[in-house]
Amino acid sequence: MSAAVGLTALIPLFGACAAFVLGPRGARAAGLLTAAVTTGLCVAVAAHVAAEGPLRTDVGGWAPPLGIALRVDGLSAAMLLMGAVVGAGTSVYAGAWFAADDRPWRGREAFWPLWLALWAALNALFVSADVFNVYVALELLTVAAVSLVVLEGGAEAIRGALRYLLAALLGALAVLLGVALLYGAYGTLDVALLAQRVEPGWATAVAAAAILMGVGLKAAMFPLHAWLPSAHANAQAPVSALLSTLVVTACWYLALRLTIEVFAPATGDGAAIALGVLGALAVVVASLVAARQRSLKLLIAYSTVAQVGYLFVAVPIVLGDPDAAAGTGAALQAVSHALAKAGMFLAAGGVLIAVGHDRMSGLRGLAAELPLLGFAFGLAGVTLLGLPPSGGFSAKFLLAQSAVEQGRAVWAVVLVAGGLLAAGYVFAVLAATVRAPRAPLRLRPVPRTLQVTAFALAAASIALGFAGEAAIDLLRAGAPFKGAVR
Amino acid sequence: MSGAPAIVVIYAAASVVLVALAVRALVARTDVLACIIALNVLGAAVFLLLVALARRAPDGAPDPVPHTLVLTGIVVAVSLTGLAVALLRRLHDETGSTDLDGEGGER
Amino acid sequence: MPAETIDILLAATLCLIAWRLLGDRDHVRAATLFIAFGLLLAIAWVRLDAPDVAVAEAAIGAGVTGLLFLDAAGRLRPRGDGRRRERPISGGRIVAGTAAALACAVGLTGAILALPGVTDGLRPLVAENVPRSGVEHPVTAVLLAFRAWDTLLEVAVLLVGIAGILAIRREWAVSMRARRAPDPLLATFARAAAPVLVLAAGYLLWLGSTGPGGAFQAGALLGALMLLLALAGVAGPARVPAAVQRAALGAGTGVFALVALGTAITDGTMLALPSGAAYELILTIETAVAVSVGAALGALVLAARPRRTGTAAPEGEEA
């Protein structure tokens, strides 16, 4: 079973290669097949970790510091599962989305190798325990993600992709600089060994700043988020869903992981609190900006910046928690946001097909005509607001409770306030869908598959609210937050 | 860095200067191609630091691991640069200019 | 002391060239300076006892990247309205830039000064394990045995980069507008040089197991050969069917991934090469990677050229 750890990344990588070589004829089939296998594999690995504890393997049999170690503990397993569910849903959606157009080059063949490579990079990130390996996986993530943004896009998509690429390149180089300093100081690239050897000092502090700035750029952490709205809003719907959920969450995961395991022992609370403050700013500013958007996809994109803010607010809370409760809250927040946001973007894609444009006014009357899409928006909105019984509620509850127990109630206030601010843009969307249209609607038909997958993902974010106990059990495996005990 | 061989100090210092120059160009220039070039210089600076740090052994024999890291970095850098230039080219084809709407640089 | 003087001069020249090229508004000049920068950097690698890196830097870092920039610089002049050049750099941006640069310089200097001045790093551990890796050269051992997973991902980055470029160009293979007539001298030279270059690449590949060399360096040579053939008009991408192009590009990742999959299934550990066959497997992987790297580097440069658009008469095109 430990071989399966590496296979979670290797299988989609192989599938990407196959989809690329096969070209127009076989790309979609190879893509869907690989997606199915990868989903099954990730679920199997996560189930194993939940039942029997963490998995570890040394690639090639070479142990660190010589070789690269891969490991799956509770947090990694949760991330793998998130990738599996969102990935599976979006793959099915994409299969129908690209088939719905007969124009000669619609990008459909290119989608599959790029998406599978993206998935490979994500899983490689989730299971990696080596900082340079993380850097290479980040670069793979960047190439795939940027290329996906451009797929059959116009000038705005290209501009969005270029801004994204420049920001991502800068971020990756910052990470590499940090890695160079860490290796120069401690002689190893392995996370576990670094955690043992790390000591307070200039080298660690600058390395931490560089790496956190680097992953922060890619995670659209405030104030490094400026590239995100145009990139996510101008991409095709399935691409926006993947980027806004999996890619930014993976980069946040890295920030959390490295802060807890490597940086906190040396820099104490400082790094975590800085991240928390930036997260709080993101929640406030981005929620307000989102509420003012006239374009649906831009609204959803700004909402991503705000929700990622929550994730960064969670970092100092998790750092101070001796048990896995806060960590479970953070993971639940990440996964439920991913499910809800994916549902939202996919639903927005359906709206685009139906109405032909992206403006909020196009949402009018949708709740009546396309109820599945209306429900998708509704359920996703409930999760983003953090209302019970959604996964978003459980997450915020766990986090707020832990914050209060630690005597840091200010974070709890931010979480609650953020929920209220989110109401601004969520209600803007929901209100538009139930309002009667100005003229009789002439909607183009939206394929069932698109509607069902969008709805399913949004509904899953609600279902997550009932999985609290199982989640805590899973996230205890391997004590991923034990670095937090101080 | 007490006791480090002179060659390490020289090239490490050069890498600091190069980082500074590249960062200055990234913030100041608005032209996209200039930013891509600056990012490549930044990459070269980080590589320089890595390879310099590999030379700190008392007997002068180099540590092969940073060499491998830099080798990987060079290949990755050229892939990303190729992608960036292709994007720029397509933007130019479609709009006749390489303007990112008044925003150059990394934002 | 003379030895250090060379390094001081080299380092200072590097910084000077970087200063000049980063501020240059003329992109062609900046690109040319960048090539010079890369070549000087390659010499720095030699001074730092990193010959593998030096070859890769010269070919890929300076060569291919420089070509990409030159091409872009030449073609991306603003169309029509000549006044749409880069806005004059505002004082505010320069101040911000200088401030950011100083902050980075101070931080980085502090960090570097805090590093241990003398250390062996991982060299002893590598030296200990090289005999078990299947090759003799430490860098190749790290690249293809100890940290092979990184290398597999890196080869994937190259492949996905090309896939992205093709997606941007809206085509599924590299096509390129042919020269009006192949230059006879260049064509003859290209034809004569081709087998020699292939042999040289193969030799460089094989050499990698015992000394500096290996897949990426051989791949760089193959890429140069591809460019030579294409630009001389002897054999362009148009003559190679799309499926074959993609197969060549994907071979490195595919073979590498296959070996990883195979070892995961049979041995239970990904990329654990059986000790008897380690050398052969590494050589196989390296050959596939060299082919792919060559194809990819060629594709990177050629994909920057205008697309072949049916039978439209090609306008004059610079090499």
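Colleague: Is R170(C) buried, partly exposed or exposed?

Modeller: In this predicted model, R170(C) is partly exposed, since its relative accessible area comes to 31%.

Colleague: And where is the place of R170(C) in chain C?

Modeller: R170(C) belongs to the loop between α7 (148–168) and α8 (184–207) of chain C, and although R170(C) is not a glycine, it has a positive phi of about 60 degrees.

Colleague: What about A220(A), which residue has a phi near 60 degrees as well? Buried or exposed?

Modeller: A220(A) is a residue other than glycine with a positive phi, near 60 degrees, and A220(A) is buried, given a relative accessible area of 0%. Its place is in the loop between α7 and α8 of chain A.

Colleague: OK, switching to helix packing. How do α10(A) and α11(A) pack?

Modeller: Helix α10 (residues 270–291) and helix α11 (residues 296–319), both of chain A, pack at an angle of about 155 degrees with their axes 7 Å apart. As angles over 145 degrees count as roughly antiparallel, α10(A) and α11(A) are therefore roughly antiparallel to each other. The crossing of α10(A) past α11(A) is left-handed.

Colleague: Which residues meet there?

Modeller: From α10(A) the residues include I273(A), L275(A), G276(A), G279(A), V283(A) and S287(A), and on the α11(A) side they include Y302(A), V305(A), G309(A), Y310(A), F312(A) and P316(A). Sorted by class, the contact of α10(A) with α11(A) has 19 nonpolar, five polar and no charged residues.

Colleague: What about α3(B) and α7(C), at what angle do they cross?

Modeller: The axes of helix α3 (residues 64–95) of chain B and α7(C) cross at roughly 5 degrees and come within 9 Å, and that makes α3(B) roughly parallel to α7(C). On the α3(B) side the contact is made by residues including L71(B), V75(B), S79(B), L83(B) and R90(B), and on the α7(C) side by residues including E154(C), V157(C), L158(C), G161(C) and I165(C). The residues of the contact of α3(B) with α7(C) divide into eleven nonpolar, five polar and two charged.

Colleague: So what is the overall secondary structure of chain B?

Modeller: Chain B has three helices and zero strands, in the pattern α-α-α when read along the sequence. Its radius of gyration is 17 Å, well over the 13 Å that the globule rule gives for 107 residues, so chain B is more spread out than a compact globule. Along the principal axes, the C-alpha atoms of chain B fill a box of roughly 60 × 25 × 15 Å.

Colleague: How many of the residues in chain B are buried?

Modeller: Buried residues make up 79% of the 107 residues in chain B. As for the contacts in chain B with a separation of 6 or more, 55% of them are accounted for by residues 24 or more positions apart.

Colleague: Last one, what does V142(C) touch?

Modeller: Leaving out residues up to four places away in sequence, V142(C) touches P64(B), V65(B) and T68(B), along with V126(C), R147(C) and A148(C). V142(C) sits in helix α6 (residues 138–146) of chain C, and at 1% relative accessibility V142(C) counts as buried.

Conventions
Residues are numbered from 1 along each chain as its sequence is written. Chains are lettered from A and ligands numbered from 1 in the order in which they are written. This is a predicted model: local features need pLDDT of at least 70, side-chain atom pairs count only at pLDDT 80 or more; totals for chains, interfaces and linings use all residues. Side-chain values use heavy atoms; hydrogens and water are left out. Helices (H or I, at least four residues) and strands (E, at least two) are DSSP runs, numbered from the N terminus. The radius of gyration is taken over C-alpha atoms; the globule rule is 2.2 Å times the number of residues to the power 0.38. Buried means under 20% relative accessible area, exposed over 50%, partly exposed in between (1.4 Å probe, protein chains only). Contact means heavy atoms within 4.5 Å. Axes are lines fitted to C-alpha atoms, for helices over the stretch in contact, and angles run from 0 to 180 degrees between N-to-C directions. Angles under 35 degrees count as roughly parallel, over 145 as roughly antiparallel, 65 to 115 as roughly perpendicular and the rest as oblique. A crossing is left-handed if the near helix is turned anticlockwise from the far one by less than a right angle, and right-handed if clockwise. Ala, Val, Leu, Ile, Met, Phe, Trp, Tyr, Cys and Pro count as nonpolar, Asp, Glu, Lys and Arg as charged, and the others, Gly among them, as polar.
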